[in-house]
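Colleague: I am new to this model and would like to learn how to read it one feature at a time. Please give me the general idea first, and then the case at hand.

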Amino acid sequence: MTENNKPKSGNLDENALFYHEYPRPGKLEIQATKPLGNQRDLALAYSPGVAAPCREIAKDPDKAALYTARSNLVGVISNGTAVLGLGAIGPLASKPVMEGKAVLFKKFAGIDVFDIEVDERDVDNFVNSIAVLEPTFGGINLEDIKAPECFQIEERLRAKMNIPVFHDDQHGTAIIVAAAVSNAMELSRKSIEDVKIVASGAGAAALACLNLLVSLGAKRENIWVTDIEGVVYEGREALMDQWKSVFAQKTDKRTLNDVIEGADVFLGLSAAGVLKPEMVAKMAARPLVLALANPNPEIMPEEALAVRDDVMMGTGRSDYPNQVNNVLCFPYIFRGALDCGATTINEEMKLAAVRAIAELAREEPTDVVAKAYGGNMETFGPKYLIPLPFDNRLILRIAPAVAKAAMETGVATRPIEDFEAYMDRLNRFVFRSGLVMKPIIQQAKSDIKRVIYADGEDERVLRAVQVIIEERLATPILIGRPSVLESRCERYGLKIRPGKDFEYVDPQDDPRYRDYVDTLFSLVGRKGVTPEAARTIVRTNNTAIAALAVYRGEADALITGLEGRFEKHLRDISNIIGRKEEVDDFSTLSLLINSKGAFFLADTYVTGNPCAEEIAQITEAAARQIQRFGITPRAALLSHSNFGSRNTETARKMREALELLCQRCPELEVDGEMHGDAALSEDVLTRYMPNPRLSGPANLLVFPTLDAANIAMNLIKAMTEALHVGPILLGPKKPAHIITPSITSRGIVNMTALSVVDAQSAK
């Protein structure tokens, strides 16, 4: 199979092989985090400069966290003796799984990983091989090691190493299971101290689950364990070990069928089909069945529900509710442990993670979660006992809880002193816009305004409004039919309701209809709009309705654009709200946030070929907007010409715009005309212009044409996975923004905050 001959079928194996091979083999690469572009960089990165941090670490080992990547580096380690669903396939064959684990660490928690596959089955040799790696890592994640060796290996490594050692197959599963059990007990109004728990399977994961449930309050005498030999009972000799013996019962019962009657919880980590429908029928009222065998569970959910409509089900599969997936916890547990320099992951830290996960399941799902799962979302209940793996709030709940538990139990070597700053850092990781948007969001909260949403029935708007209400960012007004708003809020699992939590404008039945028609006709009656057309517009054009509300003072700002063409929305805003007298035309500013920082681009949506005067006006307006972010604008007027190297029409207009700006805004840092690389690199800039007007790399990029700006914006978005905030409409008399159809609900929240700040300034 070649890259040009990629599989077109739905065959999972073929597609997976292609995915792993192209465009380059494997799923990982190592990337430098520091520049290495010249001799000076080389001298700092290696010899002789590297000697300085080496000396500091030799004097104080704790400084390794300052000068190396160790405190954010985890070793994912396996000998391939128990690869999920594949068995003892060996260390080399397990490497794709370990690379996959590394990808999950990076994606979900920003943690770097070296995967290490060890060709060693002897416990002593394996432990010795890993223990000597302590100087390399901030933590060790053991993976896919068979029982009972995994118990011995983890126990001995924890004793030898002064960093967290965590066997995810055991504890990750246990934490998710414990969270599901906690929430199921709440829903069924049962106490964990009283419930009967029956387990099928007595491997590493099953025993870890049971031990953690005991830590939560479950009684050992209420726990019944079965495996391939039947019930684990006192005196049994076959397939017994010290870890399994803890749960041995004094009984003459010998099979799963013998012990399942009256069980409140079934925990399956064994094999497909072990739990029969007639066994489920014998369980207690409102039972919880966690059938976690992969790929096929101990009983399929539809089979269990066929005999019991009160059963709560969880599996390891993504195509059924309540998927028990270790990715729900392991990245975030390590995130919290690494961030406080924990020397271990103890029972208190695991219980803190359990509580955080259980509590998160009781919150409303966000748009990111809904989008990842096709928009079909459940809320807390039998089908939603635990959060979904793509819930971006998991890191915000689990990592701080784990770090606090580490600090409270005395295992944190670098206690977090400012949890507010720590939460800000995690938020920035989650949303990427956290740092840049923080000043805007804080200012918006100081004096909230009324924001009207033309696309009120859209799912993203509704999800955004849930957040806006909870965070007290604005007073939302939605344009939409109340019955549709009501049903969609319910369908998306949102608590908000029209008329109760937010105002709405029903375009089909609004008491202000005649007043709106009269207002509209007074504004556009001499622009080719007849009275009949005005009546139609006020019934059917949501952007016009929103603009009229802002014009009449019934809303302070509007957001539109999820449907229809940008130019049409802009025409409605122009006709009804109008533009400021000091500008010749509207313009737009787009904010792109990527790993390099925050960059503002203008004009990305409106003016096709602005003249020098318009370029100057756009730059002035953009600079004022950037200052609201708490950022000092540094504007680069971009061109194919570099400080007079070409004398084309576009180069000349950028030079003229610079002259105008220097006269009008002498305090503004602006320079040009210049190439894009000169704008973004101080070294390149000073080679061409030894004394530039910019004190550092530009953060406001002003383009000579709309084509250049829009193409550059979309290329940067695609090539750097940049987050787009905007477009921010510059120039309307009252705050109005036209968002793009690709925006997320988090983007709508960001634009709402901007709209509120605009309204505060207008006031």
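Modeller: Let us begin with P727, whose place is in strand β20; helices (H or I, at least four residues) and strands (E, at least two) are DSSP runs, numbered from the N terminus. This is a predicted model, in which local features need pLDDT of at least 70 and side-chain atom pairs count only at pLDDT 80 or more, while totals for chains, interfaces and linings use all residues. Residues are numbered from 1 along each chain as its sequence is written, and side-chain values use heavy atoms, with hydrogens and water left out.

Colleague: What kind of peptide bond joins G726 and P727?

Modeller: As a general idea, most residues other than glycine have a negative phi, and most peptide bonds are trans. The bond between G726 and P727 is cis, with omega about 0°. Another cis peptide bond joins A147 and P148, where omega is about 5°, and P148 is found in the loop between β3 (139-142) and α7 (149-160).

Colleague: In what order do the six strands of the open sheet lie?

Modeller: Strands of a sheet pair through backbone hydrogen bonds, either parallel or antiparallel. For this model, two strands pair if DSSP finds at least two bridges between them. The six strands follow the order β18-β17-β19-β16-β15-β20, with mixed pairing, and the edge strands, each pairing on one side only, are β18 (669-674) and β20 (723-730). From one strand to the next the twist averages 20°; axes are lines fitted to C-alpha atoms, for helices over the stretch in contact, and angles run from 0 to 180 degrees between N-to-C directions. Six bridges pair β15 (residues 587-594) with β20 in the antiparallel sense, and L589 has I728 of β20 as its bridge partner.

Colleague: Which strands does helix α26 lie across?

Modeller: Helix α26 (residues 612-627) lies across β15, β16 (597-602), β17 (634-638), β19 (700-702) and β20, and runs at about 165° to β19. Contact here means heavy atoms within 4.5 Å.

Colleague: How many residues of strand β1 are buried?

Modeller: Six of the six residues of β1 (residues 73-78) are buried, so this strand is largely enclosed by the rest of the structure. L73, G75 and I77 point one way, while V74, V76 and S78 point the other way, and all are buried. Strand β1 runs parallel to β2 (residues 112-117), joined by six bridges, and I116 of β2 is the bridge partner of I77.

Colleague: How many aromatic pairs does a search of the whole structure find?

Modeller: Rings of Phe, Tyr and Trp (its six-membered ring) pair if their centres lie within 6.5 Å; planes under 30 degrees apart count as stacked, over 60 as edge-to-face and the rest as tilted. The search finds nine such pairs. The rings of F105 and F330 have centres 4.8 Å apart and planes at 65°, so they form an edge-to-face pair. Since F105 lies in helix α5 (residues 95-109) and F330 in helix α14 (residues 330-339), the pair ties together parts 225 residues apart in sequence. F105 counts as buried at 0% relative accessibility, and F330 is buried at 2%. F105 and F334 make an edge-to-face pair because their centres are 5.4 Å apart and their planes lie at 80°. Ring pairs link F105, F166, F330 and F334 into a cluster.

Colleague: Over which ring does the charged end of R254 sit?

Modeller: A charge sits over a ring if NZ of Lys or CZ of Arg is within 6 Å of the ring centre and within 35 degrees of the ring normal. The charged end of R254 is over Y233, 3.6 Å from the ring centre, while K404 lies over the face of F419, at 5.0 Å.

Definitions and conventions:
Buried means under 20% relative accessible area, exposed over 50%, partly exposed in between (1.4 Å probe, protein chains only).
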